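User: Please take me through this structure. I want to know what stands behind each label.

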Amino acid sequence: MSLVLKDISLPLADFVLDANFETRGRITVIFGPSGSGKTSLLDLVAGLRRAKSAFIQLDGEVLTDTAKDVMVPARRRGIGYVPQDLALFPHLSVRQNLLFGHRPEQNPKFKFEQIVDLLEIGPLVQRGVTQLSGGEQQRVALARALLRSPRLLLLDEPLASLDARLKAKILPYLMRIRDTLGVPMLYVTHDRDETLSLGDEMVVLVRGKIEQSGTVREVFNRPANLSVAGIVAVETILPGHVTGSVGGLVTVAVGSAVLSAAEPAIPPGTGEVHVCIRAEDVALLADAGVQGSPRNRLPGIVRTVARDGAMMRIDFDCGFPLAALLTVQACEEMSLQPGARVVALIKAPHVHLIPR
Amino acid sequence: MSAEDWQLTWFTTWVSALSTLLILPPGLFIAWLLARREWRGKSLVETCILLPMVMPPVATGLILLKILGRRGAIGGWLHDALGMDIVFTWRAVLVALGVMSFPLLVLSARAAFEKVNPRLEQIAQTLGAGPVRVFFTITAPLAARGIAGGMILAFARALGEFGATIMVAGNIPGRTSTLSLSIFQSVQMGDDAHACRLLGISTALAFIGVWFGIWFLRRRKE
């Protein structure tokens with residue numbers, strides 16, 4: 001999949017959407033606070049909205065080019081769209097909803113049974129859509145879009161309206177769509193966990209402008225500016241591997257170190273994870289001999305010391321790169337310099353694991 | 001009820017029903033345009049459609065008479081090209097009823113279309129549906145109650161139409177007389193008994209029409 005957006009200009013209520021990017025990711029996350037123009041961006045790609053100017057190209061085919069007055073209608077774009085309110089047709093049954101865009105006679109890429117099985121909605125097809133729970137409606141909306149065999153799927157905050165328990169249930173279905181069907185997606189969200197679980201690439205959209213784009217880890221680990229840092233919240237994100245689980249504590253190998261995380265919610269059998277540690281949750285000790293309650297004690301060597309607003313940001317190496325935010329006073333008292341030896345303390349609940 | 005009363009009842013009913021059916025396609029189309037599209041001159045069209053509701057029906061009837069008469073723009077052409085006369089025939093009754101009830105249908109249908117979430121229509125487009133399919137599978141079914149309500153109003157308005165009909169169709173017994181026209185005529189001629197009989201029929205028709213409408217709308221809701 002290759003998607004190109006150029007020369008976009010769409011005046012919205014109090015700013016102009018001006019979001020130009022290119023992506024080849026399987027799942028490209030459009031990340032940003034609410035009211036930053038994310039839904040309008042999806043509408044432009046879907047062909048549901050006209051911009052003042054826009055050039056949109058999908059897999060080499062020009063879909064929109066205002067300069068040449070090209071505007072392929074939404075029905076011929078081959079782009080599936082699951083909007084935030086799902087837009088299931090309330091007067092039709094689940095089956096009629098699913099079959100609305102399905103064209104079995106055209107030998108589509110995805111077959112009815114296959115999609116129904118994948119999303120486990122077989123028992124629901126005879127029901128009316130108003131009789132479904134939130135999570136069921138979500139799956140039916142996904143299936144309906146997939147049955148059109150789209151070459152790109154647009155998802156607008158698909159998990160935002162669900163509670164944490166349901167989110168954890170739906171997320172694996174999205175991963176399955178990504179891994180089994182290989183449908184590329186533009187995925188709008190403002191949730192960090194979803195972004196890390198699903199995204200390959202991401203663009204950060206703030207008030208209609210793209211502040212940063214790149215791979216998910218790049219953007220999270222190295223926010224391009226303060227605005228992005230404020231939105232994604234700086235922290236250390238590292239690939240890790242779950243090695244065991246004892247008494248509610250999960251042990252995870254990161255680089256050459258082993259960490260303990262209190263993550264009762266992590267599904268059993270999870271192997272590869274993202275390990276997330278916020279810099280403000282890391283405490284430093286100058287003296288390794290002092291005892292403390294935190295589960296994770298990691299000896300390391302300071303690499304850089306830099307001012308970060310009212311705080312000092314210490315980057316050090318403890319078998320993997322880790323960042324800590326300290327007050328200026330603490331930094332001076334400990335006389336932290338590059339090369340100094342320290343011990344990092346992190347409480348187990350502050351080590352956050354996200355399946356990947 | 002005399003044979004003449006039966007004829008009156010039957011004529012009034014079918015011509016009202018036919019006018020309601022005939023205004024349905026253009027009425028829905030214009031209601032949809034008003035609800036879903038922005039275009040130049042929209043407010044002008046809106047005003048023209050509402051005019052028959054606010055103008056004296058007799059005045060609307062006079063306009064129709066001028067347009068549809070043999071010397072009128074449309075009437076003259078129809079007479080010359082097809083040899084068809086409108087004025088003072090049952091066709092004139094049909095036109096008068098249609099014009100007078102048109103605004104009621106358009107107003108109801110427009111409000112119903114506006115209540116349909118446009119997101120549903122957009123998503124139907126992304127699922128490959130063209131405008132016609134979107135209208136018939138999404139918009140119209142979801143607006144069905146409002147459309148049905150508008151049809152009942154239009155039908156009821158047609159049943160009771162008087163002013164425009166008498167101008168453009170006259171009151172020719174057995175040809176263009178409707179219940180309302182005959183009630184008026186009976187009272188004029190001092191035949192109170194006949195007027196009361198026709199009044200009874202009118203009331204019964206109105207009752208059946210409204211009762212059926214309410215029953216239908218309730219059934220749709222379920």
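Analyst: In strand β21 of chain A, A:Leu345 is the bridge partner of A:Arg297. This is a predicted model, where local features need pLDDT of at least 70, side-chain atom pairs count only at pLDDT 80 or more, and totals for chains, interfaces and linings use all residues. Residues are numbered from 1 along each chain as its sequence is written, while chains are lettered from A and ligands numbered from 1 in the order in which they are written.

User: What makes β18 and β21 of chain A a pair?

Analyst: Two strands pair if DSSP finds at least two bridges between them. Strand β18 (residues 296–308) and strand β21 (residues 341–346) of chain A have 6 bridges, in the antiparallel sense. Therefore they count as paired.

User: Which strands of the open sheet are edge strands?

Analyst: The sheet has 5 strands, in the order β17-β21-β18-β19-β20 (chain A). Its edge strands are β17 (283–285) and β20 (321–327) of chain A, as each pairs on one side only.

User: Why is α1(B) called oblique to α5(B)?

Analyst: The axes of helix α1 (residues 3–36) and helix α5 (residues 90–115) of chain B cross at roughly 40 degrees and come within 6 Å. Angles under 35 degrees count as roughly parallel, over 145 as roughly antiparallel, 65 to 115 as roughly perpendicular and the rest as oblique. So α1(B) is oblique to α5(B).

User: How many residues of chain A are in contact with chain B?

Analyst: 15 residues of chain A are in contact with 14 residues of chain B. Contact requires C-beta atoms, placed from the backbone, within 7 Å.

Definitions and conventions: Contact = placed C-beta atoms within 7 Å. Axes fitted to C-alpha atoms, helices over the stretch in contact; angles between N-to-C directions. Helix = DSSP H or I, 4+ residues; strand = E, 2+ residues; numbered from the N terminus.
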